[in-house]
Amino acid sequence: MRWVEFVGRVWEVLTRRVDSFLFGCALALVGVGIVTLFSAADQSAARVTNQLMSFGFALALMWVVANIPPQTLARAAVPLYVLGVLLLIGVALFGVVVNGSRRWLNLGVARIQPSELMKIALPLMLAWYFQKFEGRIGWKDFAIAAVLIVVPVYLIKRQPDLGTSLLIAASGFYVLFLAGLSWKVIVGLAAGGAAAGPFLWSHLHDYQRERILTFLDPGRDPLGAGYHSTQASIAIGSGGVIGKGWLNGTQTHLDFLPERHTDFIFAVFGEEFGLIGNGLLLVLYILLIGRAMVITANASTLFARLLAGAVTLMFFTYAFVNMGMVSGILPVVGVPLPLLSYGGTALVSLFIGLGILMSVQAHRKLVNT
């Protein structure tokens, strides 16, 4: 009986503050990712083991964050943001170059991608800032917030990593929007961005311009810039309704599909599990994002609502952009599929985001009506 009581108490501690529905959806997605990764990585036990180790570390961080009240998390906003910016500067000065991009920082015991940290640090910083001026948010506050967004986005864009920089900019914009940014301003910014198109085009790298041109004309360079998109489309289409079966994907195992364990893991999944598998995967994402939206709606403070909303929309944006890129309806950008793609830093940042959502849900205040 003592052992039963001990196990019961341990279980109670481990599940405290953990939202079972949200965690169940995330666990299912990670499980799908591990199964798909084993196939995508040519049955490499080492990569699966590394992902599982990252998953264990991510779970521990999620539990810790879930048990920290949102207002306590707010105190970490400024230090975390400053740390993220310093790490990005460190990448620019001492970063590891892989495939022509300087995106990683070698800490000796591990190699991290600081841009992943900014997925959490930037929304956290902006939510903290707007909470300070709740009820009297003005133009000056939105201008300062814009500067806070531009600094990390510029540093990430210089790595170069245009896709991640745009998505992190989007996560910052979500906070501005949820904080009450006027639709007139949003339309004006969109019009200004369109007008600045020629100027922005001239500042893109050659490969980035080529990706956009190839997206507009897929047959432009099928063996060069269009190779990734073409092979991904073939893989998904060849999967048909029921797929070719686990470990039986020809595009994957004959090495036609590039970056198959990271950015293009959705193509691997689509080829092996078909339309039915893709449909079930979409359901899992919809359930996870739907639950996150409910948590956001029930948040009791401005800080919690802004932070939870940004994390929720971040999950949606990353999933939508990755699936859209692999399916050919968006240009190819280096964006992983949340909770499925290989990558320890990305997995950790996503589970910290889940921990934030759980914290908001567990520590919400009951308001008498």
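**Figure 1. The largest nonpolar core of the predicted model.** The largest nonpolar core of this predicted model comprises 94 residues, among which F130, L288, L339, F351 and L354 touch the most other members. Helix α15, spanning residues 302–327, supplies the largest share of this core, namely 16 residues. The surroundings of one of these residues, L288, are given in detail: beyond four places in sequence, L288 touches L22, C25, A26, L29, F315, L339 and L354.

**Figure 2. An edge-to-face aromatic pair formed by Y129 and F130.** Nine aromatic pairs are present in the structure. In the pair shown here, the rings of Y129 and F130 are arranged edge-to-face, with 5.8 Å from centre to centre and 70 degrees between the planes. Y129 is buried, its relative accessible area being 8%. F130 is likewise buried, with a value of 0%. Together with F133 and F142, the residues Y129 and F130 make up one aromatic cluster.

Figure 3. The rings of F316 and F320 are stacked, with a centre-to-centre distance of 5.8 Å and 15 degrees between the planes. Both residues belong to helix α15, where they are four residues apart, or about one turn of the helix. F316 is partly exposed, at 41% relative accessible area. F320 is also classed as partly exposed, with a relative accessibility of 43%.

**Figure 4. An arginine placed over a tyrosine ring.** R47 lies over the face of Y342. The distance from R47 to the centre of the Y342 ring is 5.6 Å.

Figure 5. The structure contains six salt bridges. In one of them, D42 is paired with R260, and the closest N and O atoms are 2.9 Å apart. D42 is partly exposed, with a relative accessible area of 42%, while R260 is buried, at 13% relative accessibility. R260 forms a further salt bridge with D255, for which the closest N and O atoms are 2.9 Å apart. Through shared partners, these salt bridges join D42, D255 and R260 into one network.

**Figure 6. The loop between α12 and α13 beside helix α14.** A salt bridge links K244 to E271, with 3.1 Å between the closest N and O atoms. K244 lies in the loop between α12 and α13 and E271 in helix α14, so the pair ties together parts that are 27 residues apart in sequence. K244 is partly exposed, at 29% relative accessibility, whereas E271 is buried, with a relative accessible area of 0%. G240 is found in the loop between α12 (227–238) and α13 (250–253) and is partly exposed, at 36% relative accessibility. The C-alpha atoms of G240 and E271 are separated by 7.5 Å, although these residues are 31 residues apart along the chain. Apart from neighbours within four places in sequence, G240 is in contact with G274 and L275.

Methods. Residues numbered from 1 in each chain as written. Predicted model: local features only at pLDDT ≥ 70, side-chain atom pairs only at ≥ 80, totals over all residues. Heavy atoms only, no water. Core = buried A, V, L, I, M, F, W, Y, C linked by side-chain atoms within 4.5 Å. Buried < 20%, exposed > 50% of the residue type's maximum accessible area, 1.4 Å probe, protein only. Helix = DSSP H or I, 4+ residues; strand = E, 2+ residues; numbered from the N terminus. Contact = heavy atoms within 4.5 Å. Phe/Tyr/Trp six-rings, centres within 6.5 Å; stacked < 30°, edge-to-face > 60°. Lys NZ or Arg CZ within 6 Å of the ring centre and 35° of its normal. Salt bridge = Lys/Arg side-chain N within 4 Å of Asp/Glu carboxyl O.
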